[in-house]
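Have the model open as you read.

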Amino acid sequence: MDTPHLDCLIVGAGPAGLTAAIYLARFHLRVALVDAGHSRAALIPRTHNHAGYPGGIAGTALLALMRQQAAEFGVSVDEALVEQVTREGEDFLARAGDRRWRSRSILLATGVVNNRPPMAPEVHDMALQRGLLRYCPVCDGYEASDQRIGVLGTGEHGHNEALFLRGFSADVTLIAPDGKHGMEDGQRERLANTGVKLLDGPCEPLRIAGDTILVPTPAGDLAFDTVYPALGSLIRSGLALDLGAKATEEGCIEIDAHQRTSVAGLYAAGDVTRGLDQISHAMGQAAVAATAIRNDLASQAPFLR
């Protein structure tokens, strides 16, 4: 084993994983935190709705501060990709390459990966940093107020995102990237009544032009101040599914009110579960999970000092 017998192994060092690490370390539990380096929070240029940071804070800066705080209580981040988690008796065994961890419990804070629109990776990253491309209208719809907003999406997901963004701007266009919107008549009528324009794709590749982002369509190139992809995401729940944990049809790990999964000793917090994909929500779930882990383990053998 790379570490002593742990009380909890945390997989994922985003806001949820780091919050849990701080709580568990302050409970005097033996903790390890492993991260593959793909936190979605690191992609946030600046968040303005996370309380306590007037003027906003970059996602990388927030994660760095949280790592620093965790280190104050003896928790550092092991950079590795956990590839497999299995049961061995009452314990879990986790593997990352030739590294191994044994733990009484596991907290999965592995998050999700956004499905990206069709565009070159370097253009995508530049557009994201400049606010020409945005993924979370709950987070930053305010920053797009009264701008020309493009939404890439189809069906209910595209309909809901376009309608949500209509609360920030009167100029919203919903574009079907695969050429068909796939909506019911009632949804089309609702969008039309609120002034949301509908266009068919295809629309690739997106590109930057000055201070705008261009979306090519059969009707010509359209310039927007910002574009929101409503293309869904990949849920990083594979480790839980391999252990037999229950999940939603989309792949979100099912949890109870204390972040317990259907597998004893396995917990989940953050975007890998169904809920509001927000930093504050992930941190709240992590606090609940950490406290449940401490109390559940203490019911088996009290923690005494």
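Predicted model: local features only at pLDDT ≥ 70, side-chain atom pairs only at ≥ 80, totals over all residues.

Residues are numbered from 1 along each chain as its sequence is written, and side-chain values use heavy atoms, with hydrogens and water left out.

The chain has eight helices and 17 strands, counted as DSSP runs (helices are H or I with at least four residues, strands E with at least two, numbered from the N terminus). With a radius of gyration of 21 Å, close to the 19 Å the globule rule gives for 305 residues, the chain is as compact as a globular protein of that length; the radius is taken over C-alpha atoms, and the rule is 2.2 Å times the number of residues to the power 0.38.

| Property of the chain | Value |
|---|---|
| Span of the C-alpha trace along its principal axes | about 70 × 40 × 35 Å |

Now for the helix pair. The axes of H1 (residues 15-26) and H8 (residues 279-300) come within 8 Å and cross at roughly 35°, where axes are lines fitted to C-alpha atoms over the stretch in contact and angles run from 0 to 180 degrees between N-to-C directions. Contact here means heavy atoms within 4.5 Å. On the H1 side it involves Pro15, Ala16, Thr19, Ala20, Tyr23 and Leu24, and on the H8 side residues including Ile279, Met283 and Ile293.
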